[in-house]
Protein chains: 2
Amino acid sequence: MNRKELTALMRRKRSFLCVGIDPDFERIPKHLKITADDPLFEFNRRIIDATIEYAVAYKPNTSFFEAHGSKGWHSLEKTITYIKDHPKGPVFTIADAKRGDIGNTAKQYARAFFEQMPFDAITVNPYMGHDCVQPFLQFKDKWAIVLGITSNPGAMDFQMLQPQLPLLLEKMGIKTVYWKKLYETVIGQSINWGNVDNMMFVVGATHSDQVSHIRELAPNHFFLIPGVGAQGGKLEDIAAKAMNKEVGILVNASRSIIYASSGEDFDVQAGKAAKALQGQMDAILKQHQL
Amino acid sequence: MNRKELTALMRRKRSFLCVGIDPDFERIPKHLKITADDPLFEFNRRIIDATIEYAVAYKPNTSFFEAHGSKGWHSLEKTITYIKDHPKGPVFTIADAKRGDIGNTAKQYARAFFEQMPFDAITVNPYMGHDCVQPFLQFKDKWAIVLGITSNPGAMDFQMLQPQLPLLLEKMGIKTVYWKKLYETVIGQSINWGNVDNMMFVVGATHSDQVSHIRELAPNHFFLIPGVGAQGGKLEDIAAKAMNKEVGILVNASRSIIYASSGEDFDVQAGKAAKALQGQMDAILKQHQL
């Protein structure tokens with residue numbers, strides 16, 4: 001799916017909701033484990049049916065499938081096929097795989113997610129540099145979503161690293177030149193590897209104070225924004241800071257939707273949670289004349 | 001496999017060779033694609049049989065399996081089982097997966113590689129911080145191998161980043177305090193997340209000038225060293241700089257062994273290439289009184 005189609009989809013559905021498909025076997029409703037041949041897929045299928053009216057994207061996280069071996073990987077294949085063939089589609093699909101490896105290896109990962117499976121996008125880790133991201137940028141209408149700043153506590157360890165000298169001087173009252181944090185360098189460099197049609201950035205909603213600044217660094221790129229809801233980010237606040245005139249954001253919600261209930265009505269409750277978020281998004285889009 | 005067992009294995013086999021299992025379908029000998037039900041596994045099986053006498057470790061790279069979907073993942077499962085059950089074992093096994101994601105996700109990856117499959121170790125990407133590595137450190141006699149400095153060109157993009165001010169001052173003849181490169185900070189911090197019994201570092205042989213320094217940063221940790229051979233690193237040079245009194249290094253070779261021949265004798269040639277490397281390693285171990 002290309003940028004124009006994604007933007008049109010958001011306007012039509014009045015939503016920028018991405019539903020994270022993280023089927024943790026321990027949290028899947030018990031009755032599915034008894035009745036379904038493939039509980040992972042059955043859980044996903046019912047979540048998708050219940051939420052596709054409100055979502056513009058789905059983001060299965062590969063780890064929850066790999067934990068079940070080749071059988072789990074097969075559940076992932078069934079899930080992406082189910083989304084792609086859904087009568088209420090199209091929707092945008094993201095493999096949350098956070099891959100990152102040298103060129104000949106990255107090429108294999110690109111094949112896995114863009115050819116072997118029909119994902120539109122994959123999340124990629126930029127730590128190993130340009131040759132690890134570029135192979136994902138060679139596919140028409142496919143996307144690499146580069147980790148900019150993530151929503152987890154560990155984001156502070158390296159992504160927010162900043163040289164100490166200017167900070168020290170500032171404390172001493174000496175004004176120093178502006179000094180980059182690591183994530184700013186990562187976004188500033190990796191933005192040159194691709195373009196607005198094949199690259200997005202992950203921008204964690206938990207770093208609300210950085211979001212406006214990241215939008216300045218990458219005014220026209222789509223952002224995939226995790227961390228709203230369970231992790232503490234506020235939807236309106238983030239949208240105000242991160243949206244651009246083409247919407248420009250995909251806000252992900254996983255646990256607050258897919259585990260809205262652990263009972264037999266899990267899909268009904270997931271649908272309600274997705275609908276509530278879509279309602280808020282519709283209002284935000286209107287506020288921004290979109 | 002724990003540290004003591006790994007060191008004993010190296011001394012007994014007179015080798016610190018890790019064979020990288022990167023079965024690129026385009027490079028697998030043609031006859032296997034016709035005769036074998038599962039060419040990927042058949043290729044690996046014959047490579048393993050031909051080299052296990054000389055290798056102390058195998059490192060399958062997950063991308064080459066994922067490129068074939070759930071069928072490929074099943075080939076990976078068969079490969080690790082084959083290695084674990086090999087009559088000429090035990091050998092150390094590394095999933096070259098370079099995973100890195102938030103806590104609840106990392107936990108699933110740990111299950112995938114340490115429980116669902118019996119790998120001894122997995123390579124992990126530290127960019128997202130401590131909570132993305134710690135779940136891999138909770139398993140007895142299992143290892144997280146953290147990317148320190150990688151062997152690819154893109155390693156220069158971020159891993160070698162160094163603040164510009166001290167460099168500028170140095171050029172002006174003004175001596176500055178020592179200033180850390182990103183990889184030094186990454187190793188310096190992540191070394192505290194685990195210990196010498198559950199953590200190793202990837203140290204690319206292409207950064208020969210950094211290796212002695214990295215050994216100072218982490219005197220007692222095992223290093224997994226890619227980039228010798230095809231990528232340009234010299235075995236004797238790297239060993240001299242990186243070995244410690246418990247050997248302390250696993251040197252990986254992939255393409256130079258597994259693609260030593262593309263003919264029907266590919267396994268024989270792989271065995272010869274592995275034997276030649278092991279012979280060099282034996283001599284190096286002797287030089288170091290090991």
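Here is a quick tour of one strand in chain B and of the place where chains A and B meet. Keep in mind that this is a predicted model. The strand to look for is β3 of chain B, residues 92-99. After that, we turn to the side of chain A that touches chain B.

**Strand β3 of chain B**
- β3(B) is mostly covered, with eight of its eight residues buried.
- Phe92(B), Ile94(B), Asp96(B) and Lys98(B) point one way from the strand, while Thr93(B), Ala95(B), Ala97(B) and Arg99(B) point the other way.

**The strands it pairs with**
- Strand β2 of chain B (residues 57-60) pairs with β3(B) in the parallel sense, over two bridges.
- Look for Tyr58(B) here, whose bridge partner in β3(B) is Thr93(B).
- β3(B) also runs parallel to strand β4 of chain B (residues 121-124), and three bridges join them.
- Ile94(B) has Ala121(B) in β4(B) as its bridge partner.
- To get from β3(B) to β4(B), the chain goes through helix α6 of chain B (residues 103-116), making a right-handed β-α-β crossover.

**Where chains A and B meet**
- On chain A, 45 residues are in contact with 45 residues of chain B.
- Four helices of chain A each give two or more residues to this side: α4 (63-66), α5 (69-84), α6 (103-116) and α8 (182-190).
- α6(A) gives the most, with seven residues.
- By type, chain A's side divides into 19 nonpolar, 19 polar and seven charged residues.

Technical notes:
Residues numbered from 1 in each chain as written. Chains lettered and ligands numbered in written order. Predicted model: local features only at pLDDT ≥ 70, side-chain atom pairs only at ≥ 80, totals over all residues. Buried ≥ 20, exposed ≤ 12 C-beta atoms within 10 Å, placed from the backbone. Pairing = 2+ DSSP bridges. Right-handed = clockwise from strand over helix to strand, strands pointing away. Contact = placed C-beta atoms within 7 Å. Nonpolar A, V, L, I, M, F, W, Y, C, P; charged D, E, K, R; others polar.
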